[in-house]
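Biologist: I'd like to learn how to read a protein model, one feature at a time. Could you walk me through this one?

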Amino acid sequence: QVQLVESGGGLVQAGGSLRLSCTASRRTLSAIVMGWFRQAPGKEREFVGALAWNDPDTWYADSVKGRFTVSGDNAKNTVYLQMNSLKPEDSAVYYCASGPPSPVQAISNIVTYKYWGQGTQVTVSS
């Protein structure tokens, strides 16, 4: 099994920045893709961005492209979500997730992911 722990959430004013971290307990074949998702109250969980340890590319939802950046520190087994130019609509619980190597079109699909973190709250005030 793989344990994922997120941190870095908090309250920030619109236009501000936050950096979330996700540390995985171990690297397995089922924890190659590392994704970020978010879920606001009354909303479905949605894809935010992702990377794969075996691929230099990153992938983003259109709603955050150009504002958010996913990066990773291989030595620390840690993935980051740098969030800039935050908007109130970005407010949500943010989750880190991991899954197996997958086709690009599957990266944004929740069912791709095997392991999930506990979530960290991000609140953006107007």
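**Reading the fold and its loops**

Modeller: Strands (E, at least two residues) and helices (H or I, at least four) are DSSP runs, numbered from the N terminus. This is a predicted model, where local features need pLDDT of at least 70 and side-chain atom pairs count only at pLDDT 80 or more, while totals for chains, interfaces and linings use all residues. Residues are numbered from 1 along each chain as its sequence is written, and side-chain values use heavy atoms, leaving out hydrogens and water.

Biologist: Is asparagine 77 buried or exposed?

Modeller: The cut-offs come first: buried means under 20% relative accessible area, exposed means over 50%, and partly exposed is in between (1.4 Å probe, protein chains only). Asparagine 77 has 11%, so it is buried. Its phi is near 55 degrees, a positive value in a residue other than glycine.

Biologist: And what is phi near in serine 85?

Modeller: Near 50 degrees, again positive in a residue other than glycine. Serine 85 belongs to the loop between β8 and β9. Its relative accessible area is 41%, so serine 85 is partly exposed.

Biologist: How many helices and strands does the protein have?

Modeller: Zero helices and 11 strands. Read along the sequence, you simply get β-β-β-β-β-β-β-β-β-β-β.

Biologist: What does the radius of gyration tell me about the protein?

Modeller: It is taken over C-alpha atoms, and the globule rule is 2.2 Å times the number of residues to the power 0.38. With 126 residues, a compact globule would come out near 14 Å; the protein has 13 Å, which agrees. Along the principal axes, the C-alpha trace spans about 40 × 25 × 25 Å.

Biologist: Which residues touch the most other members of the largest nonpolar core?

Modeller: General idea first: in soluble globular proteins, nonpolar side chains tend to be buried together. A nonpolar core is a set of buried Ala, Val, Leu, Ile, Met, Phe, Trp, Tyr and Cys residues joined through side-chain atoms within 4.5 Å. Here the largest one has 37 residues, and Trp36, Leu81, Met83 and Tyr94 touch the most other members. Strands supplying at least two residues each include β3, β8 and β11 (120-125). The largest share, five residues, comes from β5.

Biologist: What does methionine 83 touch?

Modeller: Contact means heavy atoms within 4.5 Å. Not counting residues up to four places away in sequence, methionine 83 touches Gly16, Ser17, Leu18, Leu20, Arg67, Phe68, Tyr94 and Val122.

Biologist: Where is serine 21?

Modeller: In strand β3. At 16% relative accessibility, serine 21 counts as buried. Leaving out residues up to four places away in sequence, its contacts include Trp36, Thr78 and Tyr80.

Biologist: How far apart are alanine 14 and lysine 87 in sequence and in space?

Modeller: They are 73 residues apart in sequence and 5.1 Å apart in space, C-alpha to C-alpha. Alanine 14 lies in the loop between β2 (10-13) and β3 (18-24). With 41% relative accessibility, alanine 14 counts as partly exposed. Beyond residues up to four places away in sequence, alanine 14 touches Leu86, Pro88, Val124, Ser125 and Ser126.

Biologist: What share of the protein's contacts join residues at least 24 apart?

Modeller: Among contacts between residues at least 6 apart in sequence, 59% do.
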